[in-house]
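The structure under discussion is shown first.

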Amino acid sequence: ALWGVVAMSLATAGGAGSAGGGVRLAVLPFANRGAADDGYFVDGVADQIRGTLSNIEGFQVIARSSSDQYRETTKTPAEIGRELNVEYLLSATVSWIRSGETGGRVQVVPELIDARTGAVKWQQPFDADLTDVFQVQADVARRVATALNIQLGAGGQQELTRRPTENLAAWDSYLKAKAAGGSGSGAGLVAERELLERAVALDSGFALALADLSRSYSTQYFTTPTPAMADGARRAAERSEALAPESPETFLALGSYHLNVLMDAEGAMTYLAEGLRRSPNHVGILNAEANASRSAGRWEEAVSLGRRVVSLDPKSRSTGLAIALILMRRYPEALEEVDRVLVQHPTLIPMWQSKAVIYLAQGDLDRAREVLAEATRVTEPIT
C-alpha cells in the first residue's frame, strides 16, 4: 500500500532549480488593455518574451506557472522579488487594436523593474503592425538584455531573429492552443491538440507548433495509450526535428516521446541532455529530465535536477522532488520539500499523500494518521 501511494504520486511528478549564475528575472503576466477576449494573445506575447529570454545565456527566468500567480497582484515588487528570489521583474501592458480577424496593430509598453528597490530600470512603448509582433517581442528581449548589461553571443543573436511562423492565422491558433492547454483539464488538452493541428495545417513549417503538438500527444498517450496517439507524437516530433534540429523545443518533444510513449528513459535523457546543453535553464526540459532520471533509477540526478526546477519554478505544484527524496529514504529533506509546497498549495492531495508516506516509511503510524486527518479538513474528497 505504501509504494502504491508512491506510484500514484509519480504520475504527478515534476522536477526543480537552476544551474550556474545569471540574472534572475520574472516575466509577470502582462495586463490586457484591449478586449477581454484578447487575453490569450496578451499571455502569448508574455510567453514569447519569457521563452526568448530563457534561451539566452546570462538569464535565469522564472517559469510561467510561478509567475502567473501574480496576475493582478497587489504585492509590491520587493515582496514578489523575495518570494521568487529574483532581482528584476518585467511587466507590460498590451493592446491589440484589431483590423479583421487576425490583423491590426499591437501596442506593448514594457517596464523592467528592480525588485530590490521598486525603481523602473527601463521602459519604452512599442507600436507596430501585427505582422511585426515577433520583431516587437525580440526588441523587448534585446532591450532587457542591454539594460542588464548582458552581452548577446551568437546564440543569443540567433534567438532574437527567430520567427516561429509567417502565418498570423497559424500563430493565432497556436496561442489559443496554449491558453486551452493551460487549463489542465481533459477537455482543455483535447482542445489544445486540435488547435495545434489547425496551426500546423495552416503552416506546415511551423516547427514550434509541431514540437508542442508532439508533446501534447505524448502527454495524453501516458494516460490514454492508443496507436494513433503514439503515431501522432512520433510524426510531429520527427517533422519538428527536420525543420528545427537545433531548437530546445525539438529536443523536449523527442525526449517526451521516448519517455512517455516508448518508455525509454535512457533514450529520453540523451535528447533532453542535448536540449539542456543548448538552453541550460529551460524549465520544461529540466522537469522532463528529472522525470526521466527517476524512471531510470538515477536518484542523485533526479534530486539535483529537481532542485534546479524548484529554483526556477518555486510556486510549482510538482511532487517530483519529494518522491525522489522519499525513494532515497532522505525523509527529513522530503518532509521539508512537502511542507514547502503545502504552504503554497494546502489543498494539493498528492502532497498530503506524500507526507503520510514519509511517516509510514519511518514506522510512525500515529503521525501518518494525524496527517491524513488534517488533509481531510483542508481538501475536497476525490469523486
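Leaving aside neighbours within four places in sequence, Asp 203 is in contact with Thr 165, Glu 166, Asn 167 and Ala 170, where contact means heavy atoms within 4.5 Å. Asp 203 sits in the loop between helix H8 (186–202) and helix H9 (207–223). Helices (H or I, at least four residues) and strands (E, at least two) are DSSP runs, numbered from the N terminus.

Asp 203 is buried but has no salt bridge. Buried means under 20% relative accessible area, exposed over 50%, and partly exposed in between (1.4 Å probe, protein chains only). A salt bridge is a side-chain nitrogen of Lys or Arg within 4 Å of a carboxyl oxygen of Asp or Glu. The nearest side chain of opposite charge to Asp 203 is Arg 239, 8.2 Å away; Lys and Arg count as positive and Asp and Glu as negative, with His and the chain ends not counted. A polar atom of the Asp 203 side chain does lie 2.9 Å from the backbone nitrogen of Gly 205.

The model is predicted: local features need pLDDT of at least 70, side-chain atom pairs count only at pLDDT 80 or more, and totals for chains, interfaces and linings use all residues. Residues are numbered from 1 along each chain as its sequence is written, and side-chain values use heavy atoms, with hydrogens and water left out.

The protein chain averages a pLDDT of 90, and 93% of the residues score at least 70; pLDDT is the predictor's confidence in each residue, from 0 to 100. Over residues 1–20 the pLDDT is below 50, and this stretch has 69 contacts in the model beyond near neighbours in sequence. Where pLDDT is low, the predicted coordinates should not be read in detail.

By the salt-bridge rule the count comes to 33. Three of these pairs are listed below.

| Asp 68 | Arg 64 | 2.7 Å |

Asp 114 counts as buried at 13% relative accessibility. Asp 366 and Arg 369 are both exposed; they lie three residues apart, about one turn, in helix H18 (residues 365–378).

Strand E5 (residues 104–114) runs antiparallel to strand E6 (residues 120–123), and three bridges join them. Two strands pair if DSSP finds at least two bridges between them. Leu 112 has Trp 122 in E6 as its bridge partner. The two strands form a hairpin with five residues between them, and Gly 118 in the turn has a positive phi of about 80°.

Which non-glycine residue has a positive phi of about 60°? That residue is Asn 149, in the loop between helix H5 (133–147) and helix H6 (154–161). Asn 149 is exposed, with a relative accessible area of 65%. Arg 329, likewise not a glycine, has a positive phi of about 65°. Arg 329 is found in the loop between helix H15 (320–327) and helix H16 (331–344) and counts as exposed at 59% relative accessibility.

Definitions and conventions
A polar contact is a pair of N or O atoms within 3.5 Å; within protein, one must be able to donate a hydrogen and the other to accept it, and residues adjacent in sequence count only if both atoms are side-chain atoms.
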